[in-house]
Amino acid sequence: MDIPDTLVRKSEEIFFSFPPERRESALVPLMFEAQRELGCITPDTEHWIAETVGVSLVKVREVLTFYSMLRRERAEKFLVQFCRNISCCLAGAEDLQRHVEKKLGIRNGETTADGLFTLRYVECLGGCSWAPMMLVNEMQYYQLTPEKLDRIIEGFRSGRPVPPDEPTPLLGNVGEKIAV
Amino acid sequence: MTSSNGTRLLSRNFALPGQANLDTALKRGAYEMLKRALKMKPEEVTTVVKASGLRGHGGAGFSAGMKWGFVPKDVFPRYVCVNADESEPGTCKDRLILEYDPHLLIEGALICAWAVQAERIYIYVRGEYFYPTRIVQRAIDEARAKGFVGENILGSGWSCHVHLGTGAGQYICGEETGLIESLEGKKGWPRLKPPFYPAAVGLWGKPTIVNNVETLAFVPRIIEIGAEKFLSYGTPKAGGPTLFSLSGSVNRPGVYELPTGVPLKTLIYDCGGGIKDGRRLKAVIPGGSSSHILTAEECENLKMDFESVVAAGSMLGSAAVMVIDETVSIPRLMVWMTRFYAHESCGQCTPCREGTGWLLRLATRILEGRGRRRDLDDLYELAENIDGKTICALGQAVAWPTKSYITKFRHEFEALIQE
Ligand SMILES: Cc1cc2nc3c(=O)[nH]c(=O)nc-3n(C[C@H](O)[C@H](O)[C@H](O)COP(=O)(O)O)c2cc1C
Ligand code: SF4
Ligand code: FES
């Protein structure tokens, strides 16, 4: 199969980050990068990974199926990972959940008819002080309201994404200047 | 560096522009403490860290200096793993360090590596942290280009490489032996104990120090101000400040750096601006989703250090404080909480794998008004049967809060049970 050069180069970098006799350690990062490049881990990619790492195919699949972010099927264009754990729910994520379902016309795990969005509920994304939060592909969005959510979805639909909240805004007293 | 509302020791540069870039960080003294540490003997560094009272900020609160001291003599190579898996609901402080001051973390990890004479550092970042990962990767590359990382660091003759590790969506890879398994290219199943300490037998069977991001980011500050001064920012048993992740029903959620041992009320009312919409406080989860819930009365005079929170019947854990107001239903909270653990159980031990699923099903049934009288006792008994009967601490992490919700708010569950 054709593995893109960029991925091959990336794999060399990954191998380099481990002692030479520990090629197996490259498995998770390699799959992560392969998925980034190709959208998912296809059977062909599994074979390539097994070969280049030097482990059995069964081993590749065992690891692949353990990690929830790794997938064997292509996700749709925009993967919306919407948090519904404690801090987000305390900040109104359950109401917002109904809103996002209505807005997209889909439920957890489904994909919109136009193939643009897949909705997935997740349990804590580490943005609890900025709740409610979600990720769209690799972009982080915080302090969601129905209006902000609509703007973000529309932005992706129209090809002009709302800039993500990067870096995470400073809330609380961290970084505040204090009298010495 | 202290004021009535806190101590900004670790986070003092977060708000300054460009702190994540090496050139700017250097102007503010980045890597100066590495230089100083490299002039000390490795054991001396460990001694200072031990004396500073620095305790782990990842959850267990273990003395950092003591852990570093567990590395057996004469076994090489050695490794340092930075635990940046930050996945416990409520906890969101490490991401700020990664995003705003990655060089402080790298410097701290290098000082740790010098102290234990490690040759490689892995920074294991959770997969969902795309943006923080990019920042840390860039910081590692910059530091390598300037000779702070790699061969013969700053002409000391000592070499240490720093690499990124990749999480891919499993909370269990935050458990230190799960993290190590994952780094070895396996599924992140926590290891059976003994051996008890990765410091003796860790990555690829070699001595490995696993420390949380915040723990290591404090290390350069300890070298800077000295152990005694650092200790004075906390309690005699837990030196230095703590980054508290404040979330839930407060007016000003956020991450607050405060002296360890600060009164909980200072955090919630002075810092957090009190309860949202003028409501009453019902309860607090003081140390991440794994900790026992405390009622408003129990919070009254609570101080936020390891010993005090344990004495109050809970734990400081990752210092993630989730505030719960009078309108929040505890049976509903039970569903959110158990859903997390049912989702995150790695499946290795039967009590945890089956038990977490059952907890969630029973909790959901009760919340939806389909509960039976004995469900509540079953729920408690299930938790009891998980507690202490599993390979890793995830078992108790779901059992403890479950039992505390039922014991302290039994009437709320009973009110939902019809028959
Ligand atoms: C289920 C489970 C999940 C954990 N997740 C994390 C985590 O995300 N980050 C972390 O630093 N420690 C986590 N820990 C604690 C680690 O096992 C370990 O104690 C910690 O990384 C040690 O660093 P410290 O001493 O600096 O706190 C977790 C523990 C358990 C049992
Ligand atoms: S207690 Fe749960 S998470 Fe921990 S090893 Fe056992 S099954 Fe896995
Ligand atoms: S609970 Fe939603 S980000 Fe932590």
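Here are some friendly notes on the predicted model above, chain by chain and then ligand by ligand.

1. First, the ground rules. This is a predicted model in which local features need pLDDT of at least 70 and side-chain atom pairs count only at pLDDT 80 or more, while totals for chains, interfaces and linings use all residues. Residues are numbered from 1 along each chain as its sequence is written, with chains lettered from A and ligands numbered from 1 in the order in which they are written.

2. Chain A has seven helices and four strands; helices (H or I, at least four residues) and strands (E, at least two) are DSSP runs, numbered from the N terminus. Along the sequence the pattern is α-α-α-α-β-α-α-β-β-β-α. Along the principal axes, the C-alpha atoms of chain A fill a box of roughly 55 × 50 × 30 Å.

3. Chain A is assigned domain 1 (5-66) and domain 2 (78-157), with bounds that come from an automatic or database domain assignment. Taken over C-alpha atoms, the centres of domain 1 and domain 2 of chain A are separated by 30 Å.

4. A helix pair in chain A is worth a look. The axes of α3 (residues 43-53) and α4 (residues 57-66) of chain A come within 9 Å and cross at roughly 115°; axes are lines fitted to C-alpha atoms, for helices over the stretch in contact, and angles run from 0 to 180 degrees between N-to-C directions. α3(A) and α4(A) are therefore roughly perpendicular to each other (angles under 35 degrees count as roughly parallel, over 145 as roughly antiparallel, 65 to 115 as roughly perpendicular and the rest as oblique). In this contact A:E46, A:H47, A:I49 and A:A50 of α3(A) meet A:L57, A:V60 and A:R61 of α4(A), where contact means C-beta atoms, placed from the backbone, within 7 Å. By class, these residues divide into four nonpolar, one polar and two charged (Ala, Val, Leu, Ile, Met, Phe, Trp, Tyr, Cys and Pro count as nonpolar, Asp, Glu, Lys and Arg as charged, and the others, Gly among them, as polar).

5. Helix α3 (residues 42-52) and helix α6 (residues 102-116) of chain B pack at an angle of about 120°, with their axes 7 Å apart. That makes α3(B) oblique to α6(B). From α3(B), B:P42, B:V45 and B:T46 meet B:I111, B:W114 and B:A115 of α6(B). That contact has five nonpolar, one polar and no charged residues.

6. On domains, chain B is assigned domain 1 (2-232), domain 2 (241-325) and domain 3 (330-414). The C-alpha centres of domain 1 and domain 3 of chain B lie 34 Å apart. Their contact takes nine residues from domain 1 of chain B and eight residues from domain 3 of chain B.

7. Which residues are closest to ligand 1? They are B:G56, B:G58, B:G174, B:N212 and B:T215, out of 24 residues that surround ligand 1; a residue is near a molecule if its C-beta atom, placed from the backbone, lies within 6 Å of it. β6(B) gives the most to this shell, with three residues. Domain 1 and domain 3 of chain B each supply at least three residues to the shell around ligand 1. By class, the shell has nine nonpolar, 10 polar and five charged residues.

8. Finally, ligand 2 has 14 residues around it, of which B:C346, B:C349, B:C352, B:T390 and B:C392 come nearest. The elements giving two or more residues to this shell are α15 (350-367) and α17 (394-408) of chain B. The shell around ligand 2 divides into eight nonpolar, five polar and one charged.

Note on methods: Two residues are in contact if their C-beta atoms, placed from the backbone, lie within 7 Å.
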